[in-house]
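Subject: Handover of a structure and findings

Dear colleague,

I am handing over the structure below for your reference.

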Amino acid sequence: MSWDAHHRRTAVLRDVLRAADQQRDVCSADTLLDTVDGAREVFATDVDLLLSVHLAWTQRLSGQLDMALGDGVDDPRAAVVEAWAAAATAMPSARRLAIPVAR
């Protein structure tokens with residue numbers, strides 16, 4: 001993948017997550033691919049999109065964990081909970097997309 005393709009994919013992923021945050025009634029990756037301009041060109045399938053969402057979530061959580069546990073905390077368990085909560089706050093739609101709600 002070229003740098004241009006990587007940057008385009010990252011920008012579209014950001015737009016997809018923003019759309020998911022704004023349109024809480026939209027709960028499927030497939031629907032979001034149709035909602036966001038250029039998403040179908042960047043992500044071949046909804047699974048491809050979900051894998052990118054998962055990678056972004058994992059990177060965010062890893063960064064939060066590194067910050068929370070980096071300076072020798074007194075209560076590692078509480079630090080992990082706080083890191084997870086910070087990541088969830090920063091990416092509210094990531095979990096919702098990964099775990100669709102039954103209707």
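Is Val80 buried, partly exposed or exposed? Val80 is partly exposed, because its relative accessible area is 36%, and a residue counts as buried under 20% and as exposed over 50%. Val80 belongs to helix 5, which covers residues 76-90.

Please note that the model is a predicted one.

Overall architecture

The protein has six helices and zero strands. Read from the N terminus, the order of its elements is α-α-α-α-α-α. The C-alpha trace spans about 45 × 40 × 20 Å along its principal axes. Of the 103 residues of the protein, 32% count as buried. The accessible surface comes to about 6700 Å², and carbon and sulfur atoms account for 55% of that surface. With regard to contacts between residues at least 6 apart in sequence, 58% join residues at least 24 apart.

In soluble globular proteins, nonpolar side chains tend to be buried together. In this model, the largest nonpolar core holds 23 residues, and those that touch the most other members are Val12, Leu13, Val16, Phe43, Leu49, Val53 and Trp57. Two or more residues of this core come from each of helix 1 (3-22), helix 2 (29-35), helix 3 (39-42), helix 4 (46-69), helix 5 and helix 6 (92-98). Helix 1 gives the most to the core, with six residues.

When its neighbours within four places in sequence are left aside, Val53 is in contact with Leu13, Leu17, Ala94 and Leu97.

The aromatic pair

The structure holds one aromatic pair. Its members are Trp57 and Trp84, arranged edge-to-face, with 5.8 Å from centre to centre and 75° between the planes. Trp57 lies in helix 4 and Trp84 in helix 5, so the pair ties together parts that are 27 residues apart in sequence. Trp57 is buried, with a relative accessible area of 12%, whereas Trp84, at 36%, is partly exposed.

Gln64 is also found in helix 4. Gln64 counts as buried because its relative accessible area is 16%, which is under the 20% cut-off. Apart from neighbours within four places in sequence, Gln64 is in contact with Ala83, Ala86 and Ala87.

Salt bridges

Side chains of opposite charge can pair when their charged atoms come close.

In one of them, the side chains of Arg18 and Asp15 meet at 3.0 Å, N to O. Arg18 and Asp15 are three residues apart in helix 1, so about one helical turn separates them. Both are partly exposed: the relative accessible area is 40% for Arg18 and 30% for Asp15.

Another salt bridge joins the side chains of Asp30 and Arg40, at 2.8 Å from N to O. Asp30 lies in helix 2 and Arg40 in helix 3, so this pair ties together parts that are ten residues apart in sequence. Asp30 is partly exposed, with 34% relative accessibility, and Arg40 is partly exposed, with 33%.

Which residue besides Asp30 does Arg40 meet in a salt bridge? The side chain of Arg40 also meets that of Asp34, at 2.9 Å from N to O. Asp34 is exposed, because its relative accessible area is 56% and the cut-off for exposed residues is over 50%. Through salt bridges that share partners, Asp30, Asp34 and Arg40 are joined into one network.

Yours sincerely,

A colleague

Key
Residues are numbered from 1 along each chain as its sequence is written. This is a predicted model: local features need pLDDT of at least 70, side-chain atom pairs count only at pLDDT 80 or more; totals for chains, interfaces and linings use all residues. Side-chain values use heavy atoms; hydrogens and water are left out. Helices (H or I, at least four residues) and strands (E, at least two) are DSSP runs, numbered from the N terminus. Buried means under 20% relative accessible area, exposed over 50%, partly exposed in between (1.4 Å probe, protein chains only). A nonpolar core is a set of buried Ala, Val, Leu, Ile, Met, Phe, Trp, Tyr and Cys residues joined through side-chain atoms within 4.5 Å. Contact means heavy atoms within 4.5 Å. A salt bridge is a side-chain nitrogen of Lys or Arg within 4 Å of a carboxyl oxygen of Asp or Glu. Rings of Phe, Tyr and Trp (its six-membered ring) pair if their centres lie within 6.5 Å; planes under 30 degrees apart count as stacked, over 60 as edge-to-face and the rest as tilted. Accessible areas come from the Shrake-Rupley method with a 1.4 Å probe; for residues, only the protein chains shown count as cover.
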